[in-house]
Amino acid sequence: MKVVALAAAALLLATACAPGSETPEGGASAPSSVKTDAASLGDVSLTVWDQEVRGGQAAQMAELNKQFQAKYPNIKLKRVSRSFDDLKTTLRLALSGNDAPDVVQANNGRSDMGEFVKAGQLVPLDEWAKAYDWGSRYAASVMQYSRYSADGKTFGEGNLYGLPQVGEVVGLYYNKEKLTKLGIQPPTTWAEFEDALAKAKAGGELPMQLGNLDKWPAIHVFGTVQDKTTPADQITTLAFGRPGASWKTPENTKAAENLVSWVDKGYFNSGFNGQGYDPAWQDFGKGNGVFLIAGTWLQADLQKALGTKVGFMLPPGTDAGAKPVITGGTGLPFAMTNKAKNKDAAAAYINFITSPDAMKVLTATGNLPIADTAQQQEPAGLAKDVFAAFGTAVGEEGLVPYLDYATPTMYDTLGAALQDLMAKKATPQQFVDKLEADYSKFAGK
(Lines give C-alpha, C1' and ligand atoms only; values in the text may rest on other atoms or scores of the structure.)
Protein backbone atom coordinates (compact mmCIF):
# COMPACT_ATOMS: atom_id res chain seq x y z
CA MET A 1 0.00 0.00 0.00
CA LYS A 2 1.40 3.38 -0.97
CA VAL A 3 1.51 6.39 1.29
CA VAL A 4 -1.64 8.11 0.08
CA ALA A 5 -1.24 10.96 2.53
CA LEU A 6 1.97 11.98 0.78
CA ALA A 7 0.56 12.24 -2.74
CA ALA A 8 0.49 16.02 -2.62
CA ALA A 9 4.00 16.12 -1.22
CA ALA A 10 5.26 13.80 -3.94
CA LEU A 11 3.65 15.97 -6.60
CA LEU A 12 5.38 19.00 -5.15
CA LEU A 13 8.72 17.22 -5.12
CA ALA A 14 8.32 15.95 -8.66
CA THR A 15 7.14 19.11 -10.37
CA ALA A 16 9.21 21.90 -8.85
CA CYS A 17 12.28 23.19 -10.68
CA ALA A 18 15.51 24.27 -9.03
CA PRO A 19 16.67 27.85 -9.52
CA GLY A 20 19.86 28.58 -11.35
CA SER A 21 23.21 28.77 -9.66
CA GLU A 22 25.80 31.48 -9.55
CA THR A 23 29.56 31.47 -9.92
CA PRO A 24 31.49 31.77 -6.65
CA GLU A 25 33.63 34.86 -6.30
CA GLY A 26 36.98 33.91 -4.87
CA GLY A 27 35.62 30.89 -2.98
CA ALA A 28 35.56 27.18 -3.62
CA SER A 29 34.49 26.18 -7.11
CA ALA A 30 33.35 23.11 -9.00
CA PRO A 31 35.32 21.79 -11.97
CA SER A 32 34.24 22.74 -15.48
CA SER A 33 33.42 19.10 -16.21
CA VAL A 34 32.46 16.28 -13.91
CA LYS A 35 32.79 12.49 -13.95
CA THR A 36 29.93 10.33 -12.75
CA ASP A 37 31.52 6.91 -13.30
CA ALA A 38 32.88 6.41 -9.79
CA ALA A 39 34.36 3.01 -10.65
CA SER A 40 36.73 4.64 -13.13
CA LEU A 41 38.20 7.17 -10.67
CA GLY A 42 41.04 4.94 -9.53
CA ASP A 43 41.93 4.33 -5.89
CA VAL A 44 40.43 7.00 -3.68
CA SER A 45 40.30 7.52 0.08
CA LEU A 46 37.17 9.38 1.17
CA THR A 47 36.69 10.73 4.70
CA VAL A 48 33.08 11.38 5.69
CA TRP A 49 31.87 13.13 8.83
CA ASP A 50 28.24 12.64 9.84
CA GLN A 51 25.98 12.98 12.87
CA GLU A 52 23.90 9.84 12.27
CA VAL A 53 24.55 8.39 15.71
CA ARG A 54 21.11 7.27 16.95
CA GLY A 55 19.50 3.88 16.26
CA GLY A 56 17.71 4.20 12.92
CA GLN A 57 20.00 6.99 11.74
CA ALA A 58 23.13 4.97 12.48
CA ALA A 59 21.62 1.85 10.91
CA GLN A 60 20.86 3.50 7.56
CA MET A 61 24.30 5.09 7.38
CA ALA A 62 26.06 1.82 8.13
CA GLU A 63 24.00 -0.05 5.53
CA LEU A 64 24.45 2.55 2.79
CA ASN A 65 28.19 2.79 3.44
CA LYS A 66 28.40 -1.00 3.20
CA GLN A 67 26.54 -0.97 -0.12
CA PHE A 68 28.65 1.90 -1.47
CA GLN A 69 31.86 0.13 -0.53
CA ALA A 70 30.67 -3.07 -2.23
CA LYS A 71 29.75 -1.25 -5.44
CA TYR A 72 32.88 0.91 -5.52
CA PRO A 73 35.73 -1.05 -3.87
CA ASN A 74 38.18 1.44 -5.35
CA ILE A 75 36.83 4.13 -3.00
CA LYS A 76 37.78 3.46 0.61
CA LEU A 77 35.48 5.13 3.12
CA LYS A 78 36.64 6.45 6.47
CA ARG A 79 33.58 7.36 8.49
CA VAL A 80 33.71 9.66 11.52
CA SER A 81 30.40 9.80 13.36
CA ARG A 82 29.75 12.48 15.97
CA SER A 83 26.75 13.81 17.84
CA PHE A 84 25.12 16.97 16.48
CA ASP A 85 26.71 19.13 19.17
CA ASP A 86 30.17 17.55 18.81
CA LEU A 87 30.04 17.90 15.04
CA LYS A 88 28.99 21.53 15.28
CA THR A 89 31.84 22.25 17.69
CA THR A 90 34.63 20.49 15.79
CA LEU A 91 33.68 21.08 12.15
CA ARG A 92 34.59 24.76 12.03
CA LEU A 93 38.13 24.09 13.22
CA ALA A 94 38.48 21.01 10.98
CA LEU A 95 37.51 22.89 7.81
CA SER A 96 40.17 25.51 8.42
CA GLY A 97 42.89 22.88 8.84
CA ASN A 98 44.88 20.82 6.35
CA ASP A 99 43.28 17.51 7.32
CA ALA A 100 39.64 18.40 6.64
CA PRO A 101 37.14 15.66 5.72
CA ASP A 102 36.00 15.28 2.12
CA VAL A 103 32.26 15.08 2.82
CA VAL A 104 30.49 16.51 5.87
CA GLN A 105 27.02 16.90 7.24
CA ALA A 106 26.72 20.61 7.89
CA ASN A 107 23.91 22.39 9.71
CA ASN A 108 22.39 24.50 6.94
CA GLY A 109 21.83 27.56 9.14
CA ARG A 110 23.80 30.76 8.65
CA SER A 111 26.00 30.13 11.68
CA ASP A 112 27.37 26.98 10.05
CA MET A 113 26.82 26.44 6.33
CA GLY A 114 26.48 30.18 5.67
CA GLU A 115 29.79 30.90 7.36
CA PHE A 116 31.50 27.96 5.62
CA VAL A 117 30.29 29.24 2.25
CA LYS A 118 31.49 32.74 3.08
CA ALA A 119 34.92 31.34 3.92
CA GLY A 120 35.06 29.32 0.67
CA GLN A 121 35.21 26.05 2.61
CA LEU A 122 32.37 24.28 0.75
CA VAL A 123 32.16 23.46 -2.96
CA PRO A 124 28.98 24.30 -4.92
CA LEU A 125 27.33 21.12 -6.17
CA ASP A 126 25.37 22.54 -9.09
CA GLU A 127 27.41 20.84 -11.82
CA TRP A 128 26.92 17.44 -10.20
CA ALA A 129 23.25 18.24 -9.56
CA LYS A 130 22.85 18.62 -13.32
CA ALA A 131 24.88 15.52 -14.13
CA TYR A 132 22.96 13.33 -11.66
CA ASP A 133 19.64 15.08 -12.35
CA TRP A 134 18.91 15.73 -8.67
CA GLY A 135 16.37 18.38 -9.66
CA SER A 136 14.00 15.72 -11.02
CA ARG A 137 13.62 14.23 -7.52
CA TYR A 138 14.35 17.16 -5.21
CA ALA A 139 12.03 20.16 -5.32
CA ALA A 140 13.18 23.74 -5.28
CA SER A 141 11.30 24.04 -1.97
CA VAL A 142 13.67 21.40 -0.57
CA MET A 143 16.88 22.53 -2.24
CA GLN A 144 16.40 26.11 -1.05
CA TYR A 145 17.43 24.98 2.44
CA SER A 146 20.92 24.23 1.09
CA ARG A 147 21.31 27.23 -1.23
CA TYR A 148 23.40 30.32 -0.54
CA SER A 149 24.78 33.16 -2.58
CA ALA A 150 28.52 32.77 -3.16
CA ASP A 151 29.31 35.33 -0.45
CA GLY A 152 27.12 33.49 2.07
CA LYS A 153 24.86 36.50 2.63
CA THR A 154 21.65 35.33 0.97
CA PHE A 155 20.04 32.15 2.28
CA GLY A 156 17.58 30.17 0.14
CA GLU A 157 18.93 31.32 -3.23
CA GLY A 158 22.10 30.85 -5.28
CA ASN A 159 24.44 27.88 -5.39
CA LEU A 160 23.57 24.44 -4.05
CA TYR A 161 25.94 23.46 -1.24
CA GLY A 162 24.41 20.26 0.09
CA LEU A 163 21.84 17.52 -0.33
CA PRO A 164 19.80 16.05 2.56
CA GLN A 165 18.64 12.48 2.98
CA VAL A 166 15.63 13.04 5.21
CA GLY A 167 12.70 15.32 5.74
CA GLU A 168 11.70 16.34 9.22
CA VAL A 169 9.02 18.09 11.18
CA VAL A 170 8.78 18.97 14.84
CA GLY A 171 5.64 17.54 16.37
CA LEU A 172 4.08 15.86 19.38
CA TYR A 173 5.06 12.40 20.51
CA TYR A 174 2.49 11.10 22.97
CA ASN A 175 2.11 8.09 25.21
CA LYS A 176 -1.15 6.43 24.14
CA GLU A 177 -1.39 4.34 27.29
CA LYS A 178 -1.15 7.38 29.55
CA LEU A 179 -3.69 9.36 27.54
CA THR A 180 -6.14 6.47 27.83
CA LYS A 181 -5.52 6.19 31.57
CA LEU A 182 -6.22 9.92 31.94
CA GLY A 183 -9.34 9.72 29.78
CA ILE A 184 -7.86 12.06 27.15
CA GLN A 185 -8.20 11.80 23.39
CA PRO A 186 -5.33 12.98 21.14
CA PRO A 187 -5.98 16.74 20.87
CA THR A 188 -7.44 18.21 17.68
CA THR A 189 -7.02 21.88 18.66
CA TRP A 190 -4.37 23.85 20.53
CA ALA A 191 -6.81 24.50 23.37
CA GLU A 192 -7.41 20.77 23.71
CA PHE A 193 -3.65 20.20 23.81
CA GLU A 194 -3.16 22.70 26.64
CA ASP A 195 -6.15 21.18 28.42
CA ALA A 196 -4.49 17.76 28.10
CA LEU A 197 -1.33 19.17 29.71
CA ALA A 198 -3.38 20.47 32.63
CA LYS A 199 -5.23 17.17 33.05
CA ALA A 200 -1.96 15.24 32.96
CA LYS A 201 -0.55 17.45 35.72
CA ALA A 202 -3.70 17.09 37.80
CA GLY A 203 -3.61 13.33 37.26
CA GLY A 204 -0.13 13.00 38.73
CA GLU A 205 1.66 12.51 35.40
CA LEU A 206 4.54 14.52 33.97
CA PRO A 207 2.87 16.48 31.17
CA MET A 208 5.97 17.04 29.00
CA GLN A 209 9.58 15.90 28.86
CA LEU A 210 12.28 18.46 28.02
CA GLY A 211 16.06 18.33 28.19
CA ASN A 212 17.48 21.79 27.44
CA LEU A 213 21.06 21.60 28.65
CA ASP A 214 22.14 21.78 25.00
CA LYS A 215 19.96 24.93 24.55
CA TRP A 216 18.70 24.07 21.05
CA PRO A 217 15.84 21.75 22.16
CA ALA A 218 13.89 24.71 23.56
CA ILE A 219 14.15 26.37 20.14
CA HIS A 220 11.90 23.60 18.81
CA VAL A 221 9.50 23.91 21.75
CA PHE A 222 9.26 27.69 21.39
CA GLY A 223 8.87 27.37 17.62
CA THR A 224 5.93 25.04 18.16
CA VAL A 225 4.24 27.62 20.40
CA GLN A 226 5.11 30.51 18.08
CA ASP A 227 3.59 28.64 15.14
CA LYS A 228 0.21 29.10 16.85
CA THR A 229 0.53 32.84 17.54
CA THR A 230 2.53 34.35 14.67
CA PRO A 231 1.65 34.41 10.94
CA ALA A 232 3.67 31.93 8.88
CA ASP A 233 5.03 34.57 6.50
CA GLN A 234 6.46 36.54 9.44
CA ILE A 235 8.11 33.41 10.87
CA THR A 236 9.65 32.59 7.48
CA THR A 237 11.01 36.13 7.05
CA LEU A 238 12.53 36.05 10.53
CA ALA A 239 13.96 32.55 10.12
CA PHE A 240 15.64 33.29 6.79
CA GLY A 241 17.08 36.53 8.19
CA ARG A 242 15.40 38.67 5.56
CA PRO A 243 14.36 42.28 6.20
CA GLY A 244 10.72 43.14 6.70
CA ALA A 245 9.74 41.47 9.97
CA SER A 246 10.25 42.06 13.68
CA TRP A 247 10.56 40.02 16.83
CA LYS A 248 8.95 42.86 18.81
CA THR A 249 5.35 42.04 17.97
CA PRO A 250 2.40 41.15 20.21
CA GLU A 251 2.29 37.69 18.60
CA ASN A 252 5.91 36.81 19.41
CA THR A 253 5.59 38.26 22.91
CA LYS A 254 2.46 36.16 23.44
CA ALA A 255 4.36 33.03 22.39
CA ALA A 256 7.05 33.79 24.97
CA GLU A 257 4.41 34.40 27.64
CA ASN A 258 2.71 31.13 26.79
CA LEU A 259 5.95 29.18 27.13
CA VAL A 260 6.66 30.79 30.52
CA SER A 261 3.15 29.87 31.67
CA TRP A 262 3.96 26.20 30.98
CA VAL A 263 6.97 26.54 33.28
CA ASP A 264 4.86 28.22 35.96
CA LYS A 265 2.24 25.48 35.78
CA GLY A 266 4.85 22.74 36.18
CA TYR A 267 4.28 21.14 32.82
CA PHE A 268 8.00 20.34 32.34
CA ASN A 269 10.21 18.00 34.34
CA SER A 270 12.16 19.54 37.20
CA GLY A 271 15.60 20.81 36.22
CA PHE A 272 14.94 20.72 32.48
CA ASN A 273 17.60 23.38 31.77
CA GLY A 274 20.21 21.10 33.33
CA GLN A 275 19.12 17.88 31.62
CA GLY A 276 20.57 16.77 28.30
CA TYR A 277 18.47 16.21 25.20
CA ASP A 278 19.25 12.50 24.89
CA PRO A 279 18.48 11.65 28.53
CA ALA A 280 15.14 13.48 28.18
CA TRP A 281 13.84 11.58 25.17
CA GLN A 282 15.25 8.36 26.57
CA ASP A 283 13.31 8.99 29.78
CA PHE A 284 10.18 9.52 27.70
CA GLY A 285 10.99 6.22 26.02
CA LYS A 286 10.96 4.57 29.45
CA GLY A 287 7.38 5.72 29.99
CA ASN A 288 8.02 8.95 31.87
CA GLY A 289 5.94 11.77 30.44
CA VAL A 290 2.75 12.13 28.44
CA PHE A 291 4.07 14.38 25.66
CA LEU A 292 7.43 15.15 24.05
CA ILE A 293 7.88 17.97 21.55
CA ALA A 294 10.61 16.74 19.23
CA GLY A 295 11.48 16.00 15.63
CA THR A 296 10.73 13.01 13.47
CA TRP A 297 14.38 11.92 13.72
CA LEU A 298 13.51 10.19 17.02
CA GLN A 299 10.97 7.93 15.31
CA ALA A 300 13.02 4.73 15.16
CA ASP A 301 14.35 5.02 18.70
CA LEU A 302 10.98 5.75 20.30
CA GLN A 303 9.30 3.01 18.29
CA LYS A 304 11.87 0.58 19.63
CA ALA A 305 11.46 1.84 23.19
CA LEU A 306 7.67 2.13 23.40
CA GLY A 307 6.30 -0.01 20.57
CA THR A 308 2.57 0.45 20.12
CA LYS A 309 2.33 2.76 23.14
CA VAL A 310 3.69 5.81 21.27
CA GLY A 311 2.03 8.01 18.67
CA PHE A 312 3.04 11.09 16.72
CA MET A 313 0.98 14.00 15.46
CA LEU A 314 1.43 17.51 14.13
CA PRO A 315 0.83 20.15 16.79
CA PRO A 316 -2.86 21.00 16.39
CA GLY A 317 -3.97 24.40 15.15
CA THR A 318 -6.07 26.96 16.93
CA ASP A 319 -9.10 25.48 15.17
CA ALA A 320 -9.75 21.90 14.08
CA GLY A 321 -8.92 21.54 10.39
CA ALA A 322 -6.91 24.78 10.25
CA LYS A 323 -4.01 24.92 7.80
CA PRO A 324 -0.94 23.64 9.63
CA VAL A 325 2.00 25.89 10.47
CA ILE A 326 4.80 23.51 11.40
CA THR A 327 8.49 23.94 12.13
CA GLY A 328 10.52 21.65 9.91
CA GLY A 329 12.28 21.16 6.62
CA THR A 330 15.22 18.90 5.87
CA GLY A 331 17.76 17.00 7.88
CA LEU A 332 21.36 18.16 7.82
CA PRO A 333 22.57 18.09 4.20
CA PHE A 334 25.73 16.35 3.07
CA ALA A 335 28.24 18.82 1.63
CA MET A 336 31.60 18.68 -0.14
CA THR A 337 34.53 20.53 1.39
CA ASN A 338 37.07 22.52 -0.56
CA LYS A 339 39.73 20.12 0.76
CA ALA A 340 38.11 17.12 -0.94
CA LYS A 341 40.93 15.33 -2.74
CA ASN A 342 38.68 13.79 -5.39
CA LYS A 343 35.57 15.89 -5.83
CA ASP A 344 33.93 13.47 -8.28
CA ALA A 345 34.24 10.67 -5.72
CA ALA A 346 32.77 12.92 -3.03
CA ALA A 347 29.84 13.80 -5.30
CA ALA A 348 29.33 10.13 -6.20
CA TYR A 349 29.03 9.33 -2.49
CA ILE A 350 26.47 12.10 -1.91
CA ASN A 351 24.53 10.87 -4.94
CA PHE A 352 24.60 7.27 -3.70
CA ILE A 353 23.28 7.98 -0.20
CA THR A 354 20.44 10.14 -1.61
CA SER A 355 19.46 7.86 -4.51
CA PRO A 356 16.05 6.17 -4.95
CA ASP A 357 17.52 2.93 -3.57
CA ALA A 358 18.90 4.85 -0.59
CA MET A 359 15.40 6.17 0.15
CA LYS A 360 14.23 2.55 0.46
CA VAL A 361 16.99 1.87 3.00
CA LEU A 362 16.00 4.99 4.92
CA THR A 363 12.39 3.82 5.08
CA ALA A 364 13.36 0.30 6.15
CA THR A 365 15.48 1.64 9.02
CA GLY A 366 12.73 3.90 10.39
CA ASN A 367 13.75 7.20 8.82
CA LEU A 368 11.71 9.68 6.80
CA PRO A 369 13.08 9.99 3.22
CA ILE A 370 12.98 13.50 1.79
CA ALA A 371 12.55 12.31 -1.82
CA ASP A 372 10.52 9.55 -3.49
CA THR A 373 8.45 9.40 -0.31
CA ALA A 374 5.20 8.28 -1.91
CA GLN A 375 7.02 5.46 -3.72
CA GLN A 376 7.87 3.72 -0.44
CA GLN A 377 5.82 0.96 1.11
CA GLU A 378 3.66 2.38 3.86
CA PRO A 379 5.34 1.62 7.19
CA ALA A 380 3.54 0.38 10.28
CA GLY A 381 3.24 1.77 13.78
CA LEU A 382 4.84 5.08 14.69
CA ALA A 383 6.44 5.43 11.26
CA LYS A 384 2.98 5.49 9.71
CA ASP A 385 2.05 8.47 11.90
CA VAL A 386 5.27 10.24 10.95
CA PHE A 387 4.85 9.68 7.19
CA ALA A 388 1.27 10.94 7.35
CA ALA A 389 2.24 14.02 9.39
CA PHE A 390 5.06 14.94 7.03
CA GLY A 391 2.76 14.46 4.04
CA THR A 392 0.19 16.81 5.54
CA ALA A 393 2.76 19.47 6.41
CA VAL A 394 4.36 19.45 2.96
CA GLY A 395 1.18 18.84 0.97
CA GLU A 396 -0.57 21.80 2.61
CA GLU A 397 2.58 23.95 2.36
CA GLY A 398 2.65 24.36 6.11
CA LEU A 399 6.39 24.17 6.80
CA VAL A 400 8.25 27.14 8.31
CA PRO A 401 12.05 27.16 8.78
CA TYR A 402 13.98 26.65 12.00
CA LEU A 403 14.40 29.96 13.81
CA ASP A 404 18.15 29.57 14.39
CA TYR A 405 18.76 29.80 10.63
CA ALA A 406 18.20 33.56 10.81
CA THR A 407 21.66 35.03 11.42
CA PRO A 408 25.21 33.76 11.96
CA THR A 409 24.75 34.26 15.71
CA MET A 410 21.05 33.42 16.18
CA TYR A 411 21.67 29.80 17.19
CA ASP A 412 23.61 30.94 20.25
CA THR A 413 21.49 34.03 20.88
CA LEU A 414 18.15 32.22 20.78
CA GLY A 415 19.35 29.20 22.74
CA ALA A 416 20.74 31.35 25.56
CA ALA A 417 17.72 33.66 25.53
CA LEU A 418 15.34 30.72 25.88
CA GLN A 419 17.28 29.31 28.82
CA ASP A 420 17.04 32.69 30.54
CA LEU A 421 13.35 33.07 29.67
CA MET A 422 12.41 29.64 31.00
CA ALA A 423 14.57 30.11 34.11
CA LYS A 424 12.70 33.38 34.78
CA LYS A 425 15.93 35.35 34.43
CA ALA A 426 14.43 37.40 31.59
CA THR A 427 10.93 38.64 30.92
CA PRO A 428 9.12 37.91 27.64
CA GLN A 429 9.73 41.52 26.60
CA GLN A 430 13.45 41.27 27.36
CA PHE A 431 13.49 37.99 25.44
CA VAL A 432 12.07 39.47 22.21
CA ASP A 433 14.25 42.58 22.62
CA LYS A 434 17.36 40.40 22.65
CA LEU A 435 16.29 38.51 19.53
CA GLU A 436 15.33 41.72 17.77
CA ALA A 437 18.79 43.16 18.37
CA ASP A 438 20.45 40.15 16.75
CA TYR A 439 17.99 40.00 13.83
CA SER A 440 17.92 43.73 13.06
CA LYS A 441 21.71 44.03 13.18
CA PHE A 442 21.96 41.39 10.46
CA ALA A 443 18.85 42.00 8.34
CA GLY A 444 18.66 45.76 8.74
CA LYS A 445 15.49 47.80 8.90
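**Domains, pockets and selected residues**

Visitor: What is the relative accessible area of R82?
Guide: R82 is partly exposed, a class that lies between buried (under 20% relative accessible area) and exposed (over 50%), with a 1.4 Å probe and protein chains only. R82 belongs there because its relative accessible area is 27%.

Visitor: What kind of model is this, and which pLDDT do side-chain atom pairs need?
Guide: Residues are numbered from 1 along each chain as its sequence is written, and side-chain values use heavy atoms, with hydrogens and water left out. The model is predicted: totals for chains, interfaces and linings use all residues, local features need pLDDT of at least 70, and side-chain atom pairs count only at pLDDT 80 or more.

Visitor: How far is R82 from V53 in space, C-alpha to C-alpha?
Guide: R82 is located in the loop between strand 2 (75–81) and helix 3, where helices (H or I, at least four residues) and strands (E, at least two) are DSSP runs, numbered from the N terminus. Leaving aside residues up to four places away in sequence, R82 touches W49, D50, Q51, V53, L87 and T90, contact meaning heavy atoms within 4.5 Å. R82 and V53 are 29 residues apart in sequence, while their C-alpha separation in space is 6.6 Å.

Visitor: Into which domains is the chain divided, and what distance separates their centres?
Guide: The chain is divided into domain 1 (44–166 + 331–375) and domain 2 (168–328 + 396–443), with bounds from an automatic or database domain assignment. Their contact takes 24 residues from domain 1 and 25 residues from domain 2. Taken over C-alpha atoms, the distance between the two centres is 27 Å.

Visitor: What is the volume of the largest pocket?
Guide: A pocket is an open set of points on a 1 Å grid over the protein atoms alone, where a 1.4 Å probe fits, with protein on both sides within 12 Å along at least five of seven lines; lining residues have an atom within 4 Å of a point. Grid points are joined across faces, edges and corners, and a volume is the space filled by probe spheres set on the points. For the largest pocket the volume is about 520 Å³.

Visitor: Which element gives the largest share of the lining of the largest pocket?
Guide: The lining has 34 residues, of which Q51, F84, W216, W297 and L332 lie nearest the centre. Domain 1 and domain 2 both contribute to it, so the pocket lies between them. Helix 3 (84–95), strand 6 (167–175), helix 9 (216–226) and helix 12 (277–285) give two or more residues to this lining. The largest share, three residues, comes from helix 9.

Visitor: What arc do the buried residues of helix 12 cover around its axis?
Guide: The buried residues of helix 12 are Y277, A280, W281, F284 and G285. They lie on the same side of the helix because the arc, that of the directions from the helix axis to the C-beta atoms, is only 145 degrees.

Visitor: What is the relative accessible area of Q299?
Guide: Q299 is in helix 13, which is one of the elements that the buried residues of helix 12 pack against. Beyond residues up to four places away in sequence, Q299 touches Y173, G366, N367, L382, A383 and V386. Q299 counts as buried because its relative accessible area is 2%.

Visitor: Is A320 buried or exposed?
Guide: A320 lies in the loop between strand 9 and strand 10. Apart from residues up to four places away in sequence, A320 touches T188 and T189. With a relative accessible area of 55%, A320 is exposed.
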